[in-house]
Amino acid sequence: MKNNRICTILSPFLFLLLPNLFHAQTPEPNDLVLNTADTTGGGVVPRRLAPTADGGFLTAGSDGLYGYLSKMSSCGKALWVRQYLLGDETDLNSAVELPSGEIVAVGSCRNCAPGDSTLKALVIKTDASGLLLQDTTLGNFKYDALATDVLLTGDGKIALTGQAVFAAFLFPNNVFLAQLNTQLQTEFFKTHDQFYYDNGHTLTQTSDGGFLLAGRSIPALFDPPQAQVFRTDAAGNLLWKYSSPQLNSQFNDVVQAADGSIVAYGDRMVDTVSGRD
């Protein structure tokens with residue numbers, strides 16, 4: 001990517017709310033606003049922001065047929081941008097920095113697995129400057145899959161979630177949870193289901209080493225989605241699952257509070273006429 005494209009990853013604008021670190025008595029934070037035009041006509045889609053050990057940030061997203069990663073300084077200055085094309089099309093949805101400084105990002109790629117032209121969940125590893133070192137794919141042969149979120153576990157492994165289609169009739173899919181080592185070798189790949197279509201949007205690790213997968217589930221082809229959480233142990237085995245009774249809802253984030261309770265956050269449609277959430 002040319003240097004004059006670097007700032008397009010902030011499209012259409014990025015707000016970073018930075019607390020005033022030097023004046024602890026200041027009641028309100030300072031706002032740092034970075035506003036940069038997207039010269040690609042809407043082609044750049046940033047999807048996830050992740051902190052780095054040096055106080056900076058990684059962003060993951062897509063730029064047309066390419067997935068991209070970028071590194072920003074602690075005050076939002078773009079330091080580098082890298083594009084990736086594996087197969088015919090690549091998207092990146094989330095990224096995490098390893099203790100080594102290397103970066104792991106997840107997303108999807110089409111026609112990127114041997115003998116398989118479908119969409120596959122993609123995991124890539126790069127060096128600290130974004131140069132591609134290694135990649136691997138996950139999913140059922142000849143069926144679509146994609147990865148949506150990734151984290152570094154407490155014992156230094158790579159955990160990711162997403163969804164994987166498993167049958168041809170109406171293409172039902174399950175949520176998956178996978179764990180890889182830092183060499184991108186798969187240690188386990190577990191799928192979980194509640195309804196006909198189960199989508200994992202976000203992932204977090206619990207204090208006991210288990211995982212929370214949050215997203216949405218759809219009972220049948222034309223049914224409204226319902227917000228969904230799956231709780232697993234450290235090996236990815238299901239402990240419990242919860243479906244919100246609210247229709248047209250989904251969870252976009254999930255955390256474990258200090259007291260051990262689970263808090264999931266999302267949205268639901270409350271006005272079917274205007275489509276307001």
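This is a predicted model: local features need pLDDT of at least 70, side-chain atom pairs count only at pLDDT 80 or more; totals for chains, interfaces and linings use all residues.

Residues are numbered from 1 along each chain as its sequence is written, and side-chain values use heavy atoms, with hydrogens and water left out.

Q: Why is Thr-232 called buried?
A: Buried means under 20% relative accessible area, exposed over 50%, and partly exposed in between (1.4 Å probe, protein chains only). Thr-232 has 0% relative accessibility and therefore counts as buried.

Q: Which residues does Thr-232 touch, not counting residues up to four places away in sequence?
A: A contact requires heavy atoms within 4.5 Å. Among the residues that Thr-232 touches are Leu-177, His-192, Phe-211 and Leu-239.

Q: What makes strand β12 mostly covered?
A: Strands are DSSP runs of E with at least two residues, and helices are runs of H or I with at least four, numbered from the N terminus. In β12 (residues 158-165), eight of its eight residues are buried. Ile-158, Leu-160, Gly-162 and Ala-164 point one way, while Ala-159, Thr-161, Gln-163 and Val-165 point the other way.

Q: How do you know that β11 and β12 pair?
A: Two strands pair if DSSP finds at least two bridges between them. Seven bridges join β11 (residues 145-152) to β12, and the two run antiparallel. Asp-149 has Thr-161 of β12 as its bridge partner.

Q: What joins β12 to β13?
A: Eight bridges link β12 and β13 (residues 173-180) in the antiparallel sense, with Ile-158 opposite Leu-180.
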